[in-house]
Amino acid sequence: MLISIVISFTLFVWISTLSGKLWNKGYDLNALNSISQEVLSAIEQQSTYDKNEVQPILDQFHINHPALRFEWISSDGSTLYDTYGEMNNYSFQQLADRFINMPNNLWDEDNPITLAYSANKNGQPYYLLLSLSSDAMKQGQMYFFVRTLKALYSWALPLLLSFFVPYFLSLWLFSSVNRRIGRLNQALNQVNIRSDVIVLEDKAKDEIGQLTRHYNLMAQRIRRQADEIDQFDSGRKLLLSNLSHDLRTPLTMILGYAETIYTGTYNDENELRTSSKVILQRSRYMDKLLDQLLEIARLDGESLEIHLAPHNLSEMMRKIAADYMLFLDGQSFSIEVDIPDGDVQAVIDVSLVERAIRNLMDNAVRYGKEGRFLGIGLVEEYDVVCITVKDKGRGIAPEDHKLIFERFYRVDRGRKGEGLGIGLSIVKEIVESHQGYIQLMSTPHVETLFLIRLPKHLK
Ligand code: ADP
């Protein structure tokens with residue numbers, strides 16, 4: 001620290017002296033003193049100090065320094081020679097007036113600066129007056145003058161303060177910057193998708209503060225993505241285990257019944273028909289599973305492609321209701337259809353919306369069959385349409401309401417053969433691609449209702 005103080009002080013003195021020499025033109029007191037000494041020593045070499053001897057010396061110096069006026073004065077105040085050509089007989093008052101405001105004249109542009117030097121010949125005193133305008137002086141001059149050591153006491157405190165305060169300030173600044181960068185570095189070193197996020201507090205608005213905030217965002221993003229990867233991974237594992245079970249069970253049945261038919265070991269025509277029906281049902285179920293799988297693989301690669309056109313929604317829904325009535329005929333299901341008789345026009349991708357409604361109806365029949373009830377409804381509002389699908393079965397617990405729309409999520413994970421947990425995620429994706437939303441309200445064994453709201457026209 002001391003070394004840096006000494007170096008900075010030396011540098012300051014050295015650079016300001018050098019720049020003073022280069023750019024700070026003009027005379028300083030040292031220069032004037034040395035010129036006067038040169039003049040006096042030249043005069044001292046003369047045999048007499050008369051005008052004739054002194055004049056060429058003073059003229060020569062005046063040529064070399066035109067800004068300086070040289071006057072050679074005898075002890076009674078009369079001018080022996082003046083390079084300005086004036087002849088004066090100075091009284092004491094006149095002489096005193098010329099020195100009266102020294103050294104303030106250095107800063108006063110109107111009054112000239114006058115310096116006096118003396119010489120002696122044969123006991124007779126002579127005086128050299130050297131004067132110049134304050135303009136001819138240097139613009140700046142640096143003095144460091146210590147007459148007694150006592151002066152250092154009054155200088156010590158300001159000197160120490162002027163050097164140590166900036167030093168300690170910069171030391172504090174650097175160490176705080178260092179500490180903050182160190183913390184950031186450490187946190188960055190520990191970023192890992194498996195470990196917890198280290199959140200750093202730094203409210204400063206400077207670059208390091210910004211960097212810290214970016215780090216926080218980045219670490220949180222990595223954490224989120226790691227969670228998504230984990231979720232995706234567990235979903236994938238779940239899918240594989242469900243899939244192998246859901247495909248094997250119907251396949252075993254199909255193989256068993258197909259073998260019975262092939263070997264002709266059935267008892268009568270009735271048994272043959274039942275076997276074929278089971279094969280057909282199980283094959284359809286497998287076909288549906290494979291369809292869903294294909295759908296999900298397609299959705300993974302790109303977002304849903306929709307082809308919009310105006311359609312009569314009430315007509316489409318009446319057709320779906322009729323299908324389910326036929327399908328549930330004889331199964332003691334009560335069916336409620338609440339669809340307006342008139343046209344309800346909406347700009348939709350009709351095949352996608354139909355698929356979404358059928359998915360909800362299938363779920364209501366499959367998971368809500370205990371309620372023996374299926375409801376389908378359509379209400380037209382100002383610029384939206386509301387589609388409802390209802391059942392009165394086992395319902396869905398409130399904690400599952402959000403999760404149910406996630407891919408591969410099934411409420412009862414233990415129950416095999418109940419689908420892959422894909423249907424509702426596809427329904428949600430279809431609804432959102434139409435800028436609509438889906439809502440679930442469920443009171444077990446009272447009513448489970450899925451409500452889809454779609455705008456009639458996409459913005
Ligand atoms: P899946 O393709 O397995 O049917 P979904 O995404 O359609 O998957 O449904 C997810 C889960 O939501 C189902 O496993 C089921 O437990 C539950 N679920 C869906 N609809 C209903 C409903 N109407 N009543 C009760 N549970 C339902």
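**View 1. The whole chain, well off the globule rule.** In this predicted model, the radius of gyration is 53 Å, whereas a compact globule of 459 residues would come in near 23 Å. Along the principal axes, the C-alpha atoms take up a box of roughly 165 × 50 × 40 Å. Ten helices and eleven strands make up the chain's secondary-structure count.

**View 2. Surface and contacts of the chain.** About 28,600 Å² of the chain is accessible surface, and carbon and sulfur atoms hold 57% of that. As for the inside, 35% of the 459 residues count as buried. Take the contacts with a separation of 6 or more, and 63% of them link residues 24 or more positions apart.

**View 3. The open four-stranded sheet.** Read across, the strands go β2-β1-β4-β3, and the pairing is antiparallel. The edges belong to β2 (79-82) and β3 (113-121); each has just a single partner strand, so one side of each has no neighbour in the sheet. From one strand to the next, the twist averages 20°.

**View 4. Zooming in on β3 and β4.** Nine bridges join β3 to β4 (residues 124-132), in the antiparallel sense. Look for Ser 118, which sits opposite Tyr 127 of β4.

Conventions: Residues are numbered from 1 along each chain as its sequence is written. This is a predicted model: local features need pLDDT of at least 70, side-chain atom pairs count only at pLDDT 80 or more; totals for chains, interfaces and linings use all residues. Side-chain values use heavy atoms; hydrogens and water are left out. Two strands pair if DSSP finds at least two bridges between them. Helices (H or I, at least four residues) and strands (E, at least two) are DSSP runs, numbered from the N terminus. Axes are lines fitted to C-alpha atoms, for helices over the stretch in contact, and angles run from 0 to 180 degrees between N-to-C directions. The radius of gyration is taken over C-alpha atoms; the globule rule is 2.2 Å times the number of residues to the power 0.38. Buried means under 20% relative accessible area, exposed over 50%, partly exposed in between (1.4 Å probe, protein chains only). Contact means heavy atoms within 4.5 Å. Accessible areas come from the Shrake-Rupley method with a 1.4 Å probe; for residues, only the protein chains shown count as cover.
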